[in-house]
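Thanks for asking me to look this one over. My notes are below the structure, as numbered points.

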Amino acid sequence: MIRRVSRCMITANSSLRSLRNSHESMCTTFVHSRALKMSSTKAAATAESNWKLYYFNVTGVAEPLRYLLHYCKLPYQDVRFEYEDWINVYKKVMPMEQVPVLEINGVKFHQHLSICRYLAKKYNLYGDDDLEAMRIDAALDDINDIRTEIGKYYNEVDDNVKPVLKDRVLAKIPFYVDKFENQVARNGGHFVNGKLTLVDIYYAGIVEIMSNIVGENINEGKPCLTKLISKIRAFEDIKVYLETRPTTVL
């Protein structure tokens, strides 16, 4: 079933008007807890944890987190909600009245990039040294620079300003995507040092909402990026998630 939302939040700071919904509000929890092949240490840590990811029923900035949680084989409750439940139930219990929020053993953590970095450090996706970590951070910041520009266009409500912002962001996208394509080409099919890191999974997760908002595949004609995204989405647990996740407009 497609659950309609008037807008999708691409910014980490929740824009409430972007998810105002004229339909009856819904809150759905999807439990991703397949039998996972994990080391005994990882399995023990997971068994002791009660993980919940809170976000609206869209992809948005939570999607890279969902990719990461599945790649790291971490069972979690995917708590999705509509605008009315956000206002009436969830907003008041979130640390900064924002989502996404990851709850671990009853403790809520916010800021999606901070959560991404935590998972990356814990599951060996953050480079082998500080220099690699800095390169990963720089690439994440580059991606979020253009994501923020797309978000400004998306959240604009002035009908006179919105077309101007769209033209502006469409003019900026090729610069960024060309840089990303060249970076992946230089690094053996990955963003950093020819190996899988956080930024590869992050880009594969966030690019979907960016493309949907501007109405075109921003990776069109970029073979290295396209191949990388396909590789990430082919990982077993991410693939199963994508095949079974809720159908949403964005």
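Which residues are linked in a network of salt bridges?

1. The network joins Glu63, Arg66, Asp78, Arg80, Glu208 and Arg245. A salt bridge here is a side-chain nitrogen of Lys or Arg within 4 Å of a carboxyl oxygen of Asp or Glu. The whole structure holds 15 of them.

2. A word on the basis: this is a predicted model, where local features need pLDDT of at least 70 and side-chain atom pairs count only at pLDDT 80 or more, while totals for chains, interfaces and linings use all residues. Residues are numbered from 1 along each chain as its sequence is written, and side-chain values use heavy atoms, with hydrogens and water left out.

3. Glu63 and Arg66 pair at 2.7 Å, N to O. They sit 3 residues apart in helix α2 (residues 63-71), so about one helical turn separates them; helices are DSSP runs of H or I, at least four residues, numbered from the N terminus. Both Glu63 and Arg66 are buried, meaning under 20% relative accessible area, with exposed over 50% and partly exposed in between (1.4 Å probe, protein chains only).

4. Arg80 and Asp78 also form a salt bridge, with 3.0 Å between the closest N and O atoms. Arg80 is buried at 2% relative accessible area, and Asp78 is buried at 0%.

5. For Glu103 and Lys108, the closest N and O atoms of the salt bridge are 3.1 Å apart. Glu103 is buried at 7% relative accessibility, whereas Lys108 is partly exposed at 27%.

6. Leu119 is in contact (heavy atoms within 4.5 Å) with residues including Trp51, Leu65 and Leu74.

Technical notes: Helices (H or I, at least four residues) and strands (E, at least two) are DSSP runs, numbered from the N terminus. Lists of a residue's contacts leave out its neighbours within four places in sequence.
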